[in-house]
Amino acid sequence: MRFIVKVVYISLRHLINCRKSQRMSKNKKLIIQIFLAFILFGLSWILVNNLIINLIRTNIGFNFNWLIKPASFSLAEPPLPYSPSDSYAWALFMGWINSLKVIFSSLLLATFIGTLIGFLRVGKNSFFNIITAGYITFIRQTPLLIQLMCWYFVGFLSIKNNSFLNIRNIFNISNTGIEIFGLNLSSEFSALLFGLSIFSSAFIAEVIRGGIQSVPVGQWEAYRSLGISEKKGFVKIIFPQALPAFIPGLTSQYLNLAKNSTLAIAVGYSDIYAINDTIINQTGRAVECFIILLFSFLILNLLITKIMGIINKSIMRTRI
Amino acid sequence: MNHMNLMLIINLFNKIKNFLLSKHKKNVFNFIFTLILISLVLRFLYWIFFNLNWRVVTSNLNLYAFGSFPFDEQWRPTLWFLSLLSITFVTIYGPKWNWLRKNLLFGWIGTVPLGIYLLKGGFGLTPVMSRNWGGLTLTILLTSSSILFSLPIGIILALCRRSSLFLIRKFSSFYIDVMRSVPLIAVLFFGQLLIPLFLPFGVEIDRVWRSILAFTLFVSAYIAEDIRGGLQSIPKNQIEAANSLGLNNFQINFFILVPQSLRIALPALTNQLIGLFQNTSLMSILGLMELLGVSRSILANPEFIGQYIEVYIWLASVYWILCTIMAFVSKKLEHKMTTNKGY
């Protein structure tokens, strides 16, 4: 008993220890860690035990056999052939592809708009400076969910007549979505696309601004004193130096965008979260669906960070 | 003669061209753009104020502020709002008395229990069920209590991530990384559907508390990362100086490192607070009656069906104003802290 009290006392004292302590011996460290592992294990054991009891009590159980059963719900816009008699796993895969579709398209659009706004924000034109500053603050200070609902309910669903804008049947905006060159985007997808990209573009613009401002003032003065024109100097001298500073900020913004894409459920777009939600409502398998959701997001995050890592490497290679 | 005329015209044309493309060009373009912008904004404002039917907002103001809180008890949330406003005001513009500044932190911490007591009732007040909480009251309650709980957890996680003990370091970084890679709505969903499964039979947590717990779990990971950034930017010789003064680890962490890192991380923490305030709107998807949830139920009312534009403009402006106030307060605080840095 005295031993346990002593270990608790020591571990509490050294629990928060931010530097390599010379005073703590290796044995003490080992004992504290074993003790902590014991506590963690006990805590998780209690929780898992509760979970098992509750699952048995509610007659749900825990298995993944249901994945091969027919899903028996239909999807509004499956990216690949899908029918309600297909399995739950296939439906989840459809949701994953839908998520990927909306994430990558809005990522490209957000980068485009954000870069444009970021450049205008640091430019010399005071008019554009004020406009872009207003845009950034307004977009950042309103919740994404409200923006998405605004795009969907006000932007698309409230178009009364069949077509809002029609340019020779090539570009057509109506309450069923957008049609460009025969490519039909549903209103849910387009609302999500615009909402996500406009929201992220404000954050990306700030990243771009920070990156450009991180280039030392001497560089601007140097190219001006060499007689290089403003345009050429910006493209050839400032921008390449600012590029490496963009990458970490852009990566975190892209990850945020991927996470924010789960708000698709608010506009009725069937992404991975919405399909998981439907399955939970149908089968009641919340634990399994949550695990699937976790893993699908880990994979998505890994994908984005890997791609950004490759881009970062290529930038660093061209720089030297 | 003809030739002269042509020369004149060419000259004039050149002059106009020079004028437009010289340094005046920018001014002219700016002037035209400003005029266009002002006319657009005026037209938009005219449309907002005269063409839209604002009855959907004006007749539901009570619902937006307090949800379905009983009418006779609505002085309680109002009192709470007033106390929050007054403490904000005192923080920014209040006198520089030493005892006041020392106790302001406790005042801020005390607003949350006060709010919960006022909303929940008991001990002399009529109890009000949490399903009657709603509107702006619920939004602010969710925000303030989540940030209050997640700040200490975030600080401890950040310190643990730099610990010399392998297990603590790995565990806290695992927790932070997992929480940061999961979307918020999944965590909130976990809070609403899975937390009851992890509790022993018979124990139940209220829906509002479950969502506060989920928000706390989520935000503390982000706060930990912000504070870690602050901790990393503190020079090493501070620790050495503290060691040479004979302070122990606890004193070094909580009297030297954490206060400084909090000051450095203040802008990032404000961003977290604003983000959290905006993200409470996600609870409307999971069925709480906060600002957006109230609006959704109002829009489902046949009397106001289809009036999306008014409701969303109103909501966006409410969120915008409150977020701007928070950003303003944090800027003032930052200013205060940097001016105090001298001594």
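Helices α3(A) and α8(A) are oblique to each other in this predicted model, a class that takes the angles left over once those under 35 degrees are counted as roughly parallel, those over 145 as roughly antiparallel and those from 65 to 115 as roughly perpendicular. The axes of α3 (residues 88-122) of chain A and α8 (residues 230-260) of chain A come within 10 Å and cross at roughly 135 degrees, where axes are lines fitted to C-alpha atoms, for helices over the stretch in contact, and angles run from 0 to 180 degrees between N-to-C directions. The crossing in which α3(A) passes α8(A) is right-handed, that is, the near helix is turned clockwise from the far one by less than a right angle. From α3(A) the contact draws on A:I103, A:S106, A:L107 and A:A110, and from α8(A) on A:Y254, A:L257 and A:A258, two residues being in contact if their C-beta atoms, placed from the backbone, lie within 7 Å. By class, this contact has six nonpolar, one polar and no charged residues (Ala, Val, Leu, Ile, Met, Phe, Trp, Tyr, Cys and Pro count as nonpolar, Asp, Glu, Lys and Arg as charged, and the others, Gly among them, as polar).

The secondary structure of chain A comes to ten helices and four strands, which are DSSP runs numbered from the N terminus (helices H or I, at least four residues; strands E, at least two). In order from the N terminus, the elements of chain A run α-α-α-α-α-β-β-β-β-α-α-α-α-α. An automatic or database domain assignment gives domain 1 (2-57) and domain 2 (88-319) in chain A, with C-alpha centres 43 Å apart. For chain B, the assignment gives domain 1 (2-50) and domain 2 (123-342), and their C-alpha centres lie 50 Å apart.

The contact between the chains takes 47 residues from chain B and 47 residues from chain A. On the side of chain B that touches chain A, α14(B) gives the most, with nine residues, and by class this side has 35 nonpolar, ten polar and two charged residues.

Residues are numbered from 1 along each chain as its sequence is written, and chains are lettered from A, and ligands numbered from 1, in the order in which they are written. In this predicted model, local features need pLDDT of at least 70 and side-chain atom pairs count only at pLDDT 80 or more, whereas totals for chains, interfaces and linings use all residues.
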